[in-house]
Amino acid sequence: PILPPTGEESKQSKGAESPQTGKSWGGWDWEYWKKAGLTPPGNQPPTKEEEEEPVELGPSGFHGWNGSLSVLSGYRVDNVDWSIAGNIGGQNPNILSELTWNNLQSFDVNATAWLIRRRRIAFRGLVDYGWILDGGNQDSDYLSNNRRGEFSRSNNTSDDGFVLDASGGVGYPWEPAPSSSYNIRITPLLGYSYHRQHMTITDGHQTIPDTGPFAGLDSRYVTRWKGPWLGLDLSFTPYRKVQIYTGVELHRAFYVANARWNLRSDFSQPKSYRHKAHGNGVVVRTGLDYRLSNRWTIQTAGMFQDWSTDPGTDTTFFSDGTTAETRLNEVNWDSFELTLGARYRF
């Protein structure tokens, strides 16, 4: 067999560039060893895939900061319901009136930005906006406890308005195995969020008693959920061009909603009543990136939210200037969205 070069031959071959490729590997002339049918100790030639593999951005892309910006759009569905009691003690009856908005379908656009400094601190910001295109509403009133004695029900349209989410957080980007090809990153986060639903009620149709359509209905219910949250984000790379990420957030929220009931002449206009309560929420995000280049990826993502409040207050404002309070039993809101877009890394 041909032996490794020695003496002057070693000096000429070790660290020299290949006459064919112009490349040297680990201080050894690859072409010399290739002709000998051997591989230099501790070295392997690059495969075609390795030569084409984009180089990852370093840990200090811009004055020590790395980041990314994602913009996606897609489909979103929201459901909201609430009920009030007959008095502030939650009785007479325990459910006097109940409103539901079902299957509010939106065209949604969202953007997410990440900033990470030298694996020490991370910032994440998110804005999500959806235009409500379709949905339904039901308004029911009861005479007795536990939804018995329903004496009024209307089934209406809710095909206008919008939904909005804005959130920001700061955390520590921990990489348990920095040298791993899986690029695992776990980021605990602390943040603050704001959420809003602007929902409408139009095209009235009375079903109990069954008197059919009625004109002039143009009411609205506008909510705000805001407060701090704790979260955990996880990302990893199971394949060299694919990244999977997921995250969960636990929210504490202060809830306020204002309503205009335009057909109630005994109510003040435009603010007919206000709801206040404290609540909790869970937000889960997940997604997948497919890398097109060192900076650009195609991204698909999903988000699920589930929120509810504790008992609160319903304050009604009458047209004569007086007010009345009763118990707001609870408010429930859930949301699901599926989006597709792109991410740019810098």
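# Exercises on a predicted protein model

Of the protein's 346 residues, 42% count as buried. The model is predicted. It has three helices and 14 strands. Of the contacts with a separation of 6 or more, 69% are between residues 24 or more positions apart.

## Exercise 1

Task: Decide whether Ser-193 is buried or exposed, and find what it touches.

Solution: 

Step 1. Locate the residue. Ser-193 sits in strand S6, which covers residues 185-202.

Step 2. Read its accessibility. The relative accessible area of Ser-193 is 1%. Buried means under 20%. Therefore Ser-193 is buried.

Step 3. List its neighbours, leaving out residues up to four places away in sequence. Ser-193 touches Ala-166, Ser-167, Trp-225, Lys-226, Gly-227, Trp-229, His-251 and Trp-307.

Step 4. Look for a polar contact. The side chains of Ser-193 and His-251 are joined by one of 3.1 Å.

## Exercise 2

Solution: 

Step 1. Start with Asp-108. Its side chain meets that of Arg-76 in a salt bridge, at 3.9 Å from N to O. The cut-off is 4 Å, so a pair at this distance counts.

Step 2. Asp-108 is in strand S2 (residues 97-117), and Arg-76 is in strand S1 (residues 65-84). They are 32 residues apart, so this pair links distant parts of the chain.

Step 3. Check burial. Asp-108 and Arg-76 are both buried.

Step 4. Turn to Asp-128. Its salt bridge with Arg-76 has the closest N and O atoms 3.1 Å apart. Asp-128 lies in strand S3 (residues 121-144) and Arg-76 in strand S1, so the pair ties together parts 52 residues apart in sequence. Asp-128 is buried, as is Arg-76.

Step 5. Widen the view. A network of salt bridges links Arg-76, Asp-78, Asp-108, Asp-128, Asp-165 and Glu-337. The count of salt bridges comes to 15.

## Exercise 3

Task: Classify Arg-185 and Glu-175, the two partners of a salt bridge, as buried, partly exposed or exposed.

Solution: 

Step 1. Find the bridge. The side chains of Arg-185 and Glu-175 meet at 3.1 Å, N to O. Arg-185 is in strand S6, while Glu-175 is in the loop between strand S5 (161-171) and S6. The two are ten residues apart.

Step 2. Take Arg-185. Its relative accessible area is 26%. Buried means under 20% and exposed means over 50%. Arg-185 falls in between, so it is partly exposed.

Step 3. Take Glu-175. Its relative accessibility is 17%. That is under 20%, so Glu-175 counts as buried.

## Exercise 4

Task: Describe the second largest pocket by its volume and its lining.

Solution: 

Step 1. Give the volume. The second largest pocket holds about 670 Å³ of space.

Step 2. Name the elements. Those giving two or more residues to this lining are S1, S2, S3, strand S4 (148-157), strand S13 (312-317) and strand S14 (323-345). The largest share comes from S4, with four residues.

Step 3. Sort the lining by class. It has 15 nonpolar, eleven polar and five charged residues.

Notes
Residues numbered from 1 in each chain as written. Predicted model: local features only at pLDDT ≥ 70, side-chain atom pairs only at ≥ 80, totals over all residues. Heavy atoms only, no water. Buried < 20%, exposed > 50% of the residue type's maximum accessible area, 1.4 Å probe, protein only. Polar contact = N/O pair within 3.5 Å; in protein donor to acceptor, adjacent residues only side chain to side chain. Contact = heavy atoms within 4.5 Å. 1 Å grid on protein atoms, 1.4 Å probe; cavity = no way out; pocket = protein on both sides within 12 Å on 5 of 7 lines; lining within 4 Å. Points joined across faces, edges and corners; volume = space filled by probe spheres on them. Nonpolar A, V, L, I, M, F, W, Y, C, P; charged D, E, K, R; others polar.
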